[in-house]
Amino acid sequence: MTDSAQTGDVAQDEQVSGPRVGLIMGSDSDWPTMEAAADALVEFGIPFEVGVVSAHRTPVRMLDYAKGAAARGISVIIAGAGGAAHLPGMVAAATPLPVIGVPVPLKHLDGMDSLLSIVQMPAGVPVATVSIGGARNAGLLAVRILGATDRALSQKMEEYQLSLQEMVLEKDAALRD
Ligand code: RP5
């Protein structure tokens with residue numbers, strides 16, 4: 001995994017071709033879970049950046065990242081964390097961008113602690129929370145958000161949905177073979 005998350009300004013032309021999704025996590029130990037979000041973004045050809053941004057261990061870096069993301073051309077942030085998982089909510093508090101939270105399951109409590117830390121946001125500061133360990137859906141949700149203003153991407157999502165349908169029908173047919 002590369003820690004390529006950057007803070008600060010970039011030149012205007014870099015925004016056009018630069019990353020559209022910020023994929024961040026509280027620790028590199030979250031990567032085995034979060035990798036599925038990256039895989040989904042790669043499948044749909046979405047440029048993204050990856051980085052470790054810890055709400056507790058690097059609070060200033062977290063705020064810099066959240067405050068600077070929109071100006072750098074990021075449209076959606078996916079934030080994963082485990083345990084006392086404050087990263088998605090704190091990032092959402094410091095950016096107007098949509099934030100998707102991924103509860104990372106740790107050794108204890110099966111990820112329920114992560115889920116509740118991320119999902120119970122106060123009114124006014126939304127985090128779109130996926131299931132415990134549901135990083136693939138976080139990636140797919142980011143694609144759908146970008147697809148709302150990108151017809152080609154939206155069509156690609158429709159094709160993916162059709163492929164899911166075909167997969168189920170094939171399994172159904174195989175059961176009765
Ligand atoms: C959280 O603490 C991280 O998101 C990670 O899930 C958890 C444990 O981090 P490490 O001790 O493995 O670095 O903030």
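The legends below describe close-up views of a predicted model. Local features need pLDDT of at least 70 and side-chain atom pairs count only at pLDDT 80 or more, whereas totals for chains, interfaces and linings use all residues. Residues are numbered from 1 along each chain as its sequence is written.

**View A. Residues around the ligand.** The shell, taken as residues whose C-beta atom, placed from the backbone, lies within 6 Å of the ligand, includes Met 25, Ser 27, Asp 30, His 56 and Leu 106. By class, this shell has four nonpolar, seven polar and one charged residues, where Ala, Val, Leu, Ile, Met, Phe, Trp, Tyr, Cys and Pro count as nonpolar, Asp, Glu, Lys and Arg as charged, and the others, Gly among them, as polar.

**View B. Leu 115 in helix α5.** Leu 115 lies in helix α5, residues 112–119, helices being DSSP runs of H or I with at least four residues, and strands runs of E with at least two, numbered from the N terminus. Leu 115 is buried, with 24 other C-beta atoms within 10 Å; buried denotes 20 or more such atoms, exposed 12 or fewer, and partly exposed the range in between, with C-beta atoms placed from the backbone. Leu 115 and Ser 131 are 16 residues apart in sequence, yet 7.5 Å apart in space, C-alpha to C-alpha.

**View C. Helix α6.** Helix α6 spans residues 135–147 and reaches 18 Å from its first C-alpha to its last, close to the 18 Å expected at 1.5 Å a residue, the expected span being 1.5 Å times one less than the number of residues. Among the buried residues of α6 are Ala 135, Leu 140, Val 143 and Leu 146.
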